[in-house]
Amino acid sequence: MKDYVLDMSLLKYIERLEQMDQLIRMKATGTSKEFADKLGISRSLMMQELHVLKELGAEIEYDKKRQTYFYKKRMKLFFGFLSKSDDTPKDF
């Protein structure tokens with residue numbers, strides 16, 4: 001049963017990162033406090049998780065005028081599996 005609880009925590013964590021990604025892509029985060037409120041977490045935890053996204057390769061900046069976080073390049077966070085197709089590289 002303990003493994004199940006850990007798995008659920010991991011799934012909730014991934015879902016929150018995906019929610020952060022969606023808000024960033026939509027440029028709808030608001031200020032850091034508003035962003036944290038939308039996620040239902042503290043501002044300090046939101047900042048830690050923003051750092052995680054950056055460690056995963058996301059180039060995230062904050063637009064003071066629009067009051068939102070945004071990606072410098074077009075990107076999307078992806079957790080899951082991809083199926084191999086005929087045009088998939090051999091090293092897949």
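The accessible surface of the chain comes to about 7200 Å², and carbon and sulfur atoms account for 53% of this area. These values, like all others in this report, were computed from a predicted model. The chain has 92 residues, of which 27% count as buried.

**Overall arrangement**

The chain contains 3 helices and 2 strands. Read from the N terminus, the order of these elements is α-α-α-β-β. Among the contacts in the chain with a separation of 6 or more, 46% are made by residues 24 or more positions apart.

**The nonpolar core**

The largest nonpolar core is made up of 16 residues. Within this core, the residues with the most contacts are M20, I24, F35, M46, L50, L53 and I60. Helix α1, helix α2, helix α3 (43-55) and strand β2 (68-71) each contribute at least two residues to the core. Helix α1 provides the largest share, namely 4 residues.

Apart from its neighbours within four places in sequence, I24 is in contact with T29, F35, L50, L53, I60, Y69, F70 and Y71.

**Residue T29**

One of the contacts of I24 is T29, a residue placed in the loop between α1 (2-25) and α2 (32-39). Is T29 buried or exposed? Its relative accessibility is 0%, and T29 therefore counts as buried, since the limit for this class is under 20% relative accessible area. When residues up to four places away in sequence are not counted, T29 touches L23, I24, E34, F35, K38, T68 and Y69.

**Salt bridges**

Side chains of opposite charge can pair when their charged atoms come close.

| Salt bridge | N to O distance |
|---|---|
| R16 and E49 | 2.8 Å |
| R25 and D21 | 2.9 Å |
| K72 and E61 | 3.4 Å |

Which parts of the chain does the pair of R16 and E49 tie together? In the salt bridge between R16 and E49, the closest N and O atoms are 2.8 Å apart. R16 belongs to helix α1 and E49 to helix α3, so this pair ties together parts that are 33 residues apart in sequence. With a relative accessibility of 21%, R16 counts as partly exposed, whereas E49, at 3%, counts as buried.

The pair of R25 and D21 lies within helix α1. Because R25 and D21 are 4 residues apart in this helix, about one helical turn separates them. R25 counts as partly exposed, at 36% relative accessibility, while D21 is buried, with a relative accessible area of 2%.

The salt bridge between K72 and E61 has an N to O distance of 3.4 Å. K72 is found in the segment after β2 and E61 in strand β1 (residues 60-63), so the pair ties together parts that are 11 residues apart in sequence. E61 is partly exposed, and its relative accessible area is 34%.

Key: Residues numbered from 1 in each chain as written. Predicted model: local features only at pLDDT ≥ 70, side-chain atom pairs only at ≥ 80, totals over all residues. Heavy atoms only, no water. Buried < 20%, exposed > 50% of the residue type's maximum accessible area, 1.4 Å probe, protein only. Contact = heavy atoms within 4.5 Å. Core = buried A, V, L, I, M, F, W, Y, C linked by side-chain atoms within 4.5 Å. Areas by Shrake-Rupley, 256 points an atom, 1.4 Å probe, with all protein chains shown as cover. Salt bridge = Lys/Arg side-chain N within 4 Å of Asp/Glu carboxyl O.
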